[in-house]
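Work through the exercises below with the sequence and the model at hand. Each task is followed by a solution in steps.

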Amino acid sequence: MKLKPPGPNGRVVSFLDLGTNSLRLLVVRLNPNHSYTILTRQKQQVRLGEGEFEDEEITPQAMERAAIVAKRFTDLARTFSSEEFVAVATSAAREAANQNELLHLLRQEAQIDIRVISGREEARLIYLGVASGTHLTATPAFFIDIGGGSTEVAVGDSRDYQYLDSFKLGAIRLSNLYTAPGDNGPVTPEQYRKIQQHIRNVIFHSLEKLRKLRPALAIGSSGSIMNLAEIAQKALHSSSGSSDTMLTCKDLRKVTDLLCSLPLEQRRKVPGINPERADIIIAGAAILETFMKELSLDAITITGRGLQDGLLVDYLSRMDNFPLLGELSSRQRSVLQLGRSCGINEVHARTVTSLVLEMFDSAREQKLHDFSDLDRELLEYATFLHDIGSFISYTNHHAHSYYIIKNSELLGFDQKEVTFMATLAKFHRKKTPKKKDLDVADLDVREREALKVLSTFIRLGESLDRSHAALIQHVRFARVDEDAVHLEVVARGDCQLEIWGIESERRTFEKVFGRNLVFEVINPAAP
């Protein structure tokens, strides 16, 4: 069913995910210009599945915890004027014999209707949420999300999934099965082997299908996997930063050995661990390690995206004219989303971007540089966002552009790429890059050279649309002499402002390329 687009003032929609371990809230404003703004993200542990998997009933205490948190979250969402709630429940609710009692309580206390989804639907939504924010290719990737009551897996690429599955394997479920009540001691090697054998028995038939798909990349979501990566970084590598984006199988093995060797109270003190997960983290580690070993995966990329993000993507995909979800890559979508959420002038941005890419391509043909297609891609996105700082203030907007790009959640990019794009945008006007600027940006020798060359193209491109009237239709470096580079500019109408702009950038060009810049303006419409 197609959904109506937001009205002239936008629309606020809230997404709730009631899991076995936690309840999550995402509140989003859908803007009229086909962008969206995240208003708040909240997460609270409720342990809905605590004690459930023995008698298949959610305990009254767990229901009460869920109802209290759900009411607080929906009250919070309504302060943002949320008009609609999209709420789902997963493993604990779908297996509970008293499911209807839970749903009735939540409807009564929080005034929301929760839809209980199947394991495969959960896997599909997780794939949508992760794939939409990850830079993928046509090569299949393996997705895994370890929840409290179940584990969902998928294999897919940038366009679609090829395989979905859900297993009754979760951090809380396995902890309940293999840890006796009151047993807070270390986990023996024999206990850990029994957990792993149980996992192998459950996933046995699916492994053959997964192996045939030959995923070349593994991506892990969920709190358990993120926390294991954080422990690896802080306990093994003594890093004080945020959790790494990669967890190797070797490091996972070391983390598991460390956690198993400690009683519960000491486990809570391990660097990087979430103390609230200390009693279930070993079961989560066993699930992840078993899948990685059985599929011969040396490492897994970590992401904070998941089911909640999938609910948003699924919602947008059913809305007329919303961000071309099936046609754009995750990088293109996130750049377009950021630009629109800050109200950039898209006509000017696209005009300058087109001219800059024509200069990049023709300069490479003339052997003025040898930068790669990846450099070209980052140049394209940085140029599209170069004026985004005007959202804060036109004064010093180049500096504001750097701040916004550097500190935004640009999906599909690593931090180094984000920094490079932010720095490119910063130097589209005013001063040119100096050594101290490049030192602060922490760029290597090749990236520093790329920044000087590519920022020159952006500066010229900005000058070529100085009037914001798209008077310059095409531009190219036509030839290179010993002392000069010849630039052909195809214009329509009077482009004196643009000519002055090119002249003002001549010195910068000559300093970077070591040759004079000679330009010719061609106006086909001129008599």
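**Exercise 1.** Find which residue stands opposite Ile 219 in strand 11, and describe the pairing of strand 9.

Solution. Step 1: Ile 219 stands opposite Thr 301 in strand 11. Strands here are DSSP runs (E, at least two residues), as helices are (H or I, at least four), and both are numbered from the N terminus. This is a predicted model, in which local features need pLDDT of at least 70 and side-chain atom pairs count only at pLDDT 80 or more, while totals for chains, interfaces and linings use all residues. Residues are numbered from 1 along each chain as its sequence is written, and side-chain values use heavy atoms, with hydrogens and water left out.

Step 1: Strand 11 covers residues 299–302 and pairs with strand 9 in the parallel sense, over 2 bridges. Two strands pair if DSSP finds at least two bridges between them.

Step 2: Strand 6 (residues 141–146) also pairs with strand 9 in the parallel sense, over 5 bridges. One of the contacts joins Asp 145 to its bridge partner Ser 221 in strand 9.

Step 3: Buried means under 20% relative accessible area, exposed over 50%, and partly exposed in between (1.4 Å probe, protein chains only).

**Exercise 2.** Classify the ring pair of Tyr 127 and Tyr 161, then that of Phe 477 and Phe 509.

Solution. Step 1: Rings of Phe, Tyr and Trp (its six-membered ring) pair if their centres lie within 6.5 Å; planes under 30 degrees apart count as stacked, over 60 as edge-to-face and the rest as tilted. The structure holds 10 aromatic pairs.

Step 1: Tyr 127 and Tyr 161 are edge-to-face, at 5.7 Å centre to centre with 80° between the planes. Tyr 127 belongs to helix 5 (residues 119–131) and Tyr 161 to strand 8 (residues 161–167), 34 residues apart. Tyr 127 is buried at 4% relative accessible area, whereas Tyr 161 is partly exposed at 32%.

Step 2: Phe 477 and Phe 509 have ring centres 5.8 Å apart and planes at 25°, so this pair is stacked. Both residues are buried.
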